[in-house]
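Student: Before we turn to the model, could you take me through how features such as burial, salt bridges, pockets and patches are read?

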Amino acid sequence: MGALVSSLLKMVRRLIGENINVSYVEPETPLWVMADSNQIDQVILNLCINARDAMPDGGKLILELSTATFTDSDSRARPWIRAGDFVVLAVSDTGTGMSPTTLQRIFEPFFTTKGQGHGTGLGLAVVQGVIQQHLGMINVYSEPGHGTTFRVYLPATEKPSDEPHHTAHGHAPLLPAHHRTLLLAEDDSNVRLTTAAQLRRFGYEIIEAADGQTAVDIIRANPRIDAALLDIVMPGLSGWEAARIIQHTHPMLPIVLCSGYSAQLMDSSPLPSHWRYLAKPYPGDALLRMLQEMLADIPPKAPTSAPSAPPS
Ligand SMILES: Nc1ncnc2c1ncn2[C@@H]1O[C@H](COP(=O)(O)OP(=O)(O)OP(=O)(O)O)[C@@H](O)[C@H]1O
Ligand SMILES: [Mg+2]
């Protein structure tokens with residue numbers, strides 16, 4: 001926001017003329033909003049031109065950026081306020097000010113006190129529309145003979161991340177897997193097939209199992225398995241029981257336990273740090289992200305060429 005105001009300042013000074021002193025009070029830290037910069041430029045220019053028109057004999061125009069945080073009780077006390085963090089742009093002038101009756105009507109389209117051919121009365125209507133589109137607020141303080149302050153509030157956002165390995169959502173990008181073999185144990189064949197297909201599309205080698213005992217047997221027979229994905233509710237050995245058995249022979253094997261039940265219902269003991277719980281149904285890429293993160297620092301066990309074993 002500071003950069004936007006700074007870069008607009010030259011144009012403002014040119015529009016305003018020399019008998020008006022323009023100053024800009026910069027924020028102490030960078031302030032971020034999610035906004036259409038052209039529209040915000042328009043808002044600022046409209047406010048500055050109105051200020052100029054209110055100071056035919058010269059005066060001061062002050063632009064100021066700051067922040068404000070409003071609580072629910074603020075918004076109960078003053079209905080125009082929404083709770084939250086805001087970036088505040090104040091545009092103040094030492095001009096004519098406005099009477100209460102003028103103040104009541106300034107946002108009306110075509111309301112103008114400027115003579116024919118001087119004002120359309122659309123400036124502030126447009127300003128208000130833009131601010132509303134940005135889920136912001138606008139407030140005016142003015143008294144005849146004492147100048148005017150318009151305050152525009154735009155919802156504050158975090159600094160956008162510019163680290164190249166992070167997307168807008170703060171996630172590391174998903175990369176295809178190379179030379180990774182997963183055991184997938186799931187008794188519901190539809191779920192198993194679709195999960196396996198998704199993982200294979202992403203480059204994983206998948207060995208399927210339809211129950212917990214088969215999962216344990218496959219892990220014991222295949223030293224190249226990099227991680228196990230175990231459904232918790234399966235006939236015979238549950239995913240939990242299978243995981244506890246696997247832990248004895250493969251204590252460092254990353255394991256994802258999946259279930260439609262809440263994690264709290266399943267087991268009271270905390271998971272080992274290289275195990276994860278994944279609640280079903282999970283969003284499309286949640287499993288891929290989890291696996292990528294779990295395997296990030298572990299070298300692949302071995303490149304594979306063997307075909308996947310069918311479920312027993
Ligand atoms: N800074 C200000 N000081 C005093 N009066 C103001 C100020 N800003 C707005 N007004 C009043 O609000 C009215 C409406 O403003 P608005 O910007 O919507 O239209 P306008 O300035 O009259 O026309 P246009 O924007 O098309 O030039 C103005 O005519 C003026 O009476
Ligand atoms: Mg105007």
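**Reading burial, bridges and pockets**

Tutor: Asp226 counts as buried, because its relative accessibility is 1%, where buried means under 20% relative accessible area, exposed over 50%, and partly exposed in between (1.4 Å probe, protein chains only). This is a predicted model, in which local features need pLDDT of at least 70 and side-chain atom pairs count only at pLDDT 80 or more, while totals for chains, interfaces and linings use all residues. Residues are numbered from 1 along each chain as its sequence is written, chains are lettered from A and ligands numbered from 1 in the order in which they are written, and side-chain values use heavy atoms, with hydrogens and water left out.

Student: With which residue does Asp226 form a salt bridge?

Tutor: A salt bridge is a side-chain nitrogen of Lys or Arg within 4 Å of a carboxyl oxygen of Asp or Glu. Here the partner of Asp226 is Arg180, and the closest N and O atoms are 3.6 Å apart. Arg180 lies in the loop between S5 and S6 and Asp226 in the loop between helix H7 (212-221) and S8, so the pair ties together parts that are 46 residues apart in sequence; helices (H or I, at least four residues) and strands (E, at least two) are DSSP runs, numbered from the N terminus. Arg180 is also buried, with a relative accessible area of 11%.

Student: How many salt bridges does the structure hold?

Tutor: The structure holds eight, and among them is the one between Arg276 and Glu293, at 3.0 Å from N to O. This pair links distant parts of the chain, with Arg276 in strand S10 (residues 275-279) and Glu293 in helix H10 (residues 286-295), 17 residues apart. Arg276 is partly exposed at 21% relative accessible area, and Glu293 is partly exposed at 47%. The side chains of Arg200 and Glu208 meet at 3.2 Å, N to O; Arg200 is partly exposed at 35%, whereas Glu208 is buried at 8%. Arg52, Asp53 and Lys114 are linked in a network of salt bridges.

Student: How is a pocket defined, and how much space lies in the largest pocket?

Tutor: On a 1 Å grid over the protein atoms alone, a pocket is an open set of points where a 1.4 Å probe fits, with protein on both sides within 12 Å along at least five of seven lines, and lining residues have an atom within 4 Å of a point. Grid points are joined across faces, edges and corners, and the volume is the space filled by probe spheres set on the points. The largest pocket holds about 550 Å³, and of its 29 lining residues the closest to the centre are Asn50, Met98, Thr113, Lys114 and Leu124. Helix H2 (37-53), strand S3 (84-93), H5 and strand S5 (148-155) each supply at least two lining residues, and H2 gives the largest share, seven residues.

Student: Which residues form the nonpolar patch on the surface?

Tutor: Patches are made of residues with over 30% relative accessible area and no salt bridge, like charges being joined within 9 Å and nonpolar side chains (Val, Leu, Ile, Met, Phe, Trp, Tyr) within 5 Å. In this model Phe110, Leu122 and Val126 form such a nonpolar patch, with about 270 Å² of accessible area together, areas that come from the Shrake-Rupley method with a 1.4 Å probe, only the protein chains shown counting as cover for residues. Val126 belongs to helix H5 (residues 123-133) and is partly exposed, at 35% relative accessibility.
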